Amino acid sequence: MALLSPDEQQLTVRGRVPRELVGALLQAHPHPGLCSRRHPESTPLAVSGVRFRRGEVSWYQAGAGRRPCPFGPVAALDVPVRLAGLPRLAEGQGTAAWPMRDPVSKHWHTVVTYAERKYADHLLVADGGAVLRTQRFALDQAPLMHTVAVTERYLVVFDLPVTYRRAAALVGERTPYSWQADRRARIGLLPRDADGDVTPRWFDVDPGYTFRTVNAYDDGDRVVVDALWHEGAPEDLATQGPAPVVRWTLDLRTGTARSHALTDEVRVAVADPSVAGRQHRFLFSANGNTIARHDLRTGRTGTHDFGAGRRPGQPVLVSGVEVGAEGGGWVMAFVEDVAERSATAFVFDATDVAGEPVAEIPLPACVPTSPRATWVPAGPARSKEMR
């Protein structure tokens with residue numbers, strides 16, 4: 001994917017930026033000057049960050065624009081959006097889940113649910129936004145699906161008790177979705193190799209809600225799904241407060257699901273993108289004023305505390321050129337200092353998040369941290385240009 005053409009300015013660095021980092025660390029948040037009070041989820045995104053060029057860094061800030069459906073200019077940064085109708089798919093309004101990328105095919109997967117329709121669509125989308133394939137499946141009452149997950153065999157979907165309420169939409173409430181205590185909660189598996197319309201295999205789970213999956217993978221006759229899981233009704237559909245990372249194990253032989261918590265409550269958690277869709281060992285999380293590295297094999301957690309009043313956004317892991325193992329490379333995060341009204345980008349050795357950062361990059365503006373950040377590597381041509 002080509003980077004946008006932003007306004008740039010060179011930044012100073014405390015420490016040393018690894019020369020192997022060539023690309024851009026980006027984050028997105030609703031544009032503060034273009035917010036929609038009635039439908040905040042459709043507010044244009046402001047994208048900003050740091051561009052890395054062989055040890056040098058510059059400030060990256062792109063102008064805001066309306067998001068093309070179903071994804072914005074950087075798919076990994078997009079949020080569930082209100083679609084004003086996709087003519088090729090359905091009439092009326094719907095929402096699209098955060099897109100998830102298959103690291104093998106490089107295509108994006110999402111699910112669109114529609115208000116007052118009894119079905120949903122699984123979309124396979126190219127980097128440029130072209131819809132390559134649509135699979136329709138039965139899904140009643142338009143549940144709000146914030147997230148999906150991808151394994152080698154399945155697309156993981158969620159039918160949870162937050163559904164569309166027409167009465168709320170008619171009176172213009174901030175969100176027309178609400179918790180329905182009498183509705184069952186289910187996790188579904190859609191076969192990725194199926195042709196035409198499909199029927200998910202559903203697994204009943206305890207009532208709860210997830211705004212974000214961490215990873216999912218196949219394990220023989222089981223499918224494992226890790227997600228930030230709110231037990232019972234979420235406190236606020238807009239703020240998406242902290243929750244533990246919970247592991248759901250779906251047994252294909254018995255049709256049952258069991259769960260256990262992997263972490264305490266965190267605001268955001270990610271796995272190494274190099275093992276997306278496959279079994280992972282490490283999680284990286286942010287909560288309060290800390291970021292952490294969780295080793296699921298040993299049970300050890302290494303934590304870096306940024307100090308009072310400092311709030312980190314999503315940790316982003318970039319694998320090292322010479323590091324083939326999961327969890328190696330660098331972890332980066334934007335950190336907002338609320339009291340000082342400033343922001344800094346930090347770079348850590350991914351194997352020693354609890355240690356001192358290898359680089360600190362003060363930013364020229366106080367940009368609020370976001371639970372959505374990503375690394376966009378430079379393409380071959382641009383990589384050569386950056387040397």
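The legends below describe an overview and several close-up views of a predicted model.

**Figure 1. Overview of the protein chain in the predicted model.**
The protein chain has 31 strands and two helices. Of its 387 residues, 53% count as buried. The accessible surface of the chain comes to about 17400 Å², and carbon and sulfur atoms account for 47% of that surface. Among contacts between residues at least 6 apart in sequence, 54% join residues at least 24 apart.

**Figure 2**
The average pLDDT of the protein chain is 82, and 79% of the residues score at least 70.

**Figure 3. The open sheet of strands S18, S19, S20 and S21.**
Four strands make up this sheet, in the order S18-S19-S20-S21, and their pairing is antiparallel. Strand S18 (208–219) and strand S21 (257–266) are the edge strands, each pairing on one side only. From one strand to the next, the twist averages 20°. Seven bridges connect strand S19 (residues 222–231) with strand S20 (residues 243–251), in the antiparallel sense.

**Figure 4. Strand S28 and its buried residues.**
Strand S28 spans residues 330–337. Eight of its eight residues are buried, so the strand is largely enclosed by the rest of the structure. In a regular strand, side chains alternate between the two faces of the sheet. In S28, Trp330, Met332, Phe334 and Glu336 point one way, while Val331, Ala333, Val335 and Asp337 point the other way. The residues pointing either way are all buried, Glu336 and Asp337 included.

**Figure 5. The pairing partners of strand S28: strands S26, S27 and S29.**
Strand S26 (residues 310–312) pairs with S28 in the antiparallel sense over three bridges. Within this pairing, proline 312 has valine 335 of S28 as its bridge partner. Strand S27 (residues 316–318) also runs antiparallel to S28 and is joined to it by three bridges. Here leucine 317 has valine 331 of S28 as its bridge partner. Strand S29 (residues 342–349) is antiparallel to S28 as well, with eight bridges between the two. In this pairing, phenylalanine 334 stands opposite alanine 345 of S29. S28 and S29 form a hairpin with four residues between them. Arginine 341, in the turn of the hairpin, has a positive phi of about 55°.

**Figure 6. Arginine 186, a buried residue in strand S16.**
Arginine 186 belongs to strand S16, which covers residues 185–191. The relative accessibility of arginine 186 is 14%; buried means under 20%, so this residue counts as buried. A polar contact of 2.7 Å links its side chain to the side chain of aspartate 159. Leaving aside residues up to four places away in sequence, arginine 186 touches Leu139, Val157, Phe158, Asp159, Leu160, Trp202, Phe203, Asp204 and Val205.

**Figure 7. Threonine 147, a buried residue in a loop.**
Threonine 147 is found in the loop between S11 and S12. At 2% relative accessibility, threonine 147 counts as buried. The side chains of threonine 147 and threonine 213 are joined by a polar contact of 3.1 Å. Beyond four places in sequence, threonine 147 touches Ala97, Trp98, Phe158, Thr210, Phe211, Arg212 and Thr213.

**Figure 8. Arginine 54 and glutamine 141, loop residues with positive phi values.**
Arginine 54 sits in the loop between strand S4 (45–53) and strand S5 (56–65). Its phi is near 50°, a positive value in a residue other than glycine. With a relative accessibility of 22%, arginine 54 counts as partly exposed. Glutamine 141 lies in the loop between strand S11 (131–138) and strand S12 (149–150). The phi of glutamine 141 is near 70°, again a positive value in a residue other than glycine. Glutamine 141 counts as partly exposed, at 43% relative accessibility.

Methods. Residues are numbered from 1 along each chain as its sequence is written. This is a predicted model: local features need pLDDT of at least 70, side-chain atom pairs count only at pLDDT 80 or more; totals for chains, interfaces and linings use all residues. Side-chain values use heavy atoms; hydrogens and water are left out. Two strands pair if DSSP finds at least two bridges between them. Axes are lines fitted to C-alpha atoms, for helices over the stretch in contact, and angles run from 0 to 180 degrees between N-to-C directions. Buried means under 20% relative accessible area, exposed over 50%, partly exposed in between (1.4 Å probe, protein chains only). A polar contact is a pair of N or O atoms within 3.5 Å; within protein, one must be able to donate a hydrogen and the other to accept it, and residues adjacent in sequence count only if both atoms are side-chain atoms. Contact means heavy atoms within 4.5 Å. pLDDT is the predictor's confidence in each residue, from 0 to 100. Accessible areas come from the Shrake-Rupley method with a 1.4 Å probe; for residues, only the protein chains shown count as cover.
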